[in-house]
Amino acid sequence: MENNIFTKKILYRYIILLFLILLFSEKLFAGNSFVKSRIRQGELRLYFSSKIERVTYFSIPLKDGTTKYVYDIHGATLPKGKGISHHTFRTVESFRIAQNSPTKVRVVIKSKEKALDKHEFKGKMLIIPLIAGRYVVGFSDSLSSSAKESKKDSSSKKYHYRIVIDAGHGGKDTGAICCGNKIEKFIVFSIASKLKKKLEAKGFKVYMTRDDDSFVKLPKRTEFANSKKADIFISIHANAAPSKKTRDIFKGIEVYYLSPAKTQRAKDAAEKENAVMFEGKDFYTKNEYLSLLNREKIVESHKLGLDVSNEMLKNVRSHFGSVLNGGVKPANFWVLVGAQMPAILIETGYITHPKEGENLMNNYYKELLAKGIADGIELYLSRVYK
Ligand SMILES: [Zn+2]
């Protein structure tokens, strides 16, 4: 009899314990359930049963050139049998979703594309862009009317591109000087300002690394572009002949993209533009510099350079006759180091050349240069992100 009571007591305790465990786990797991996934307008959209509170993110570059993008949705659960739909998308190698911990759902996407860090979440939805050069459009319109949404998107696609214009030098750093009146920092600022207006007129979002005559350290310039999640970085400069004797010889519009310099002209130009770098303490080591070089970015920057170069020459030649094509060349400019987007540096001409120097002081010439750069950017983007 006593024995029976004892067993009953244990049984009751066991039941209470079980009840507590259930209650506790109920609390633990009664999170935000994953509902479904959809791909719309180049974005992966993940829907949850209630409001997303927090998403943390990190990425791991892999040896094969792709990147693993990892998103943790906190307070979320993955119901049994649910997963990311069997999506295939041209820029994505794999999608994965799993319950990473009792209170965290982890999404892992393997892709070469550089846009996936521009994810956003709002309400019950997490949106991950799968195509570079765009950023989340899913919130721009009512989600229930997706037809309306896609219509709006196609007509205003360009609004999603961000461009950072870097007017070279500034403040105590004058850049090249010639003939008393030709000062690089002022010439390039004038071109940059015109370019800003032209790009904005085309519908792009534009940022300037400096919007007055102030000194900005070189690493800050690409840091700025990265922080703005820019799609394109354009640094504008003007060149100078190495000596008075060679003033008549050196001329032409040159475009550079970041890559180990090959030609002597490229090395000289880089040395000149890099000079200010050695004044400050912030100095990239060779290793850091090399680790930031990325094959795909080099190729894209080269393509961008070709489009911009062609359009610039087309525009200035239409009114100013022959202007030498100095080519599109690799060089190691510090100002391009660390840019996480296609980046080019334009030497808009030689201020030391008698004719070109005068052209660069001419307002209309600078207008045409700016128009050419803007046209080139537009052309490049229309080809890459169709
Ligand atoms: Zn310069």
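Two strands count as paired if DSSP finds at least two bridges between them. Helices (H or I, at least four residues) and strands (E, at least two) are DSSP runs, numbered from the N terminus. In strand β4, I73 stands opposite V55. This is a predicted model, in which local features need pLDDT of at least 70 and side-chain atom pairs count only at pLDDT 80 or more, while totals for chains, interfaces and linings use all residues. Residues are numbered from 1 along each chain as its sequence is written.

**Hairpin of β3 and β4**
- Strands β3 (residues 54-61) and β4 (residues 67-74) run antiparallel and are joined by eight bridges.
- Five residues lie between the two strands of this hairpin, where G65 takes a positive phi near 90 degrees.
- Strand β3 is hardly covered: of its eight residues, the buried count is zero.
- Burial is set by other C-beta atoms within 10 Å of a residue's own, placed from the backbone: 20 or more is buried, 12 or fewer exposed, and in between partly exposed.

**Six-stranded sheet**
- An open sheet of six strands runs in the order β13-β10-β14-β17-β15-β16, with mixed pairing.
- β13 (205-208) and β16 (325-331) each have a single partner strand, so these edge strands are left without a neighbour in the sheet on one side.
- From one strand to the next, the twist averages 20 degrees.
- Strands β15 (residues 253-258) and β17 (residues 343-350) run antiparallel, with four bridges between them.
- Y256 has L345 in β17 as its bridge partner.

**Packing of α3 and α9**
- The axes of helix α3 (residues 184-201) and helix α9 (residues 363-384) come within 8 Å and cross at roughly 50 degrees.
- The pair is therefore oblique.
- Angles under 35 degrees are roughly parallel, over 145 roughly antiparallel, 65 to 115 roughly perpendicular, and the rest oblique.
- Axes are lines fitted to C-alpha atoms, for helices over the stretch in contact, with angles from 0 to 180 degrees between N-to-C directions.
- Contacts (C-beta atoms, placed from the backbone, within 7 Å) include S190, I191 and K194 among the residues of α3, and L369, A370 and I373 among those of α9.
- The contact residues divide into eight nonpolar, one polar and five charged.
- Nonpolar means Ala, Val, Leu, Ile, Met, Phe, Trp, Tyr, Cys and Pro; charged means Asp, Glu, Lys and Arg; the others, Gly among them, are polar.

**K82**
- K82 sits in the loop between β5 (76-77) and β6 (92-101).
- K82 counts as partly exposed because it has 15 C-beta neighbours inside 10 Å.
- S37 is 45 residues from K82 in sequence, and their C-alpha atoms are 9.8 Å apart.

Conventions
Two residues are in contact if their C-beta atoms, placed from the backbone, lie within 7 Å.
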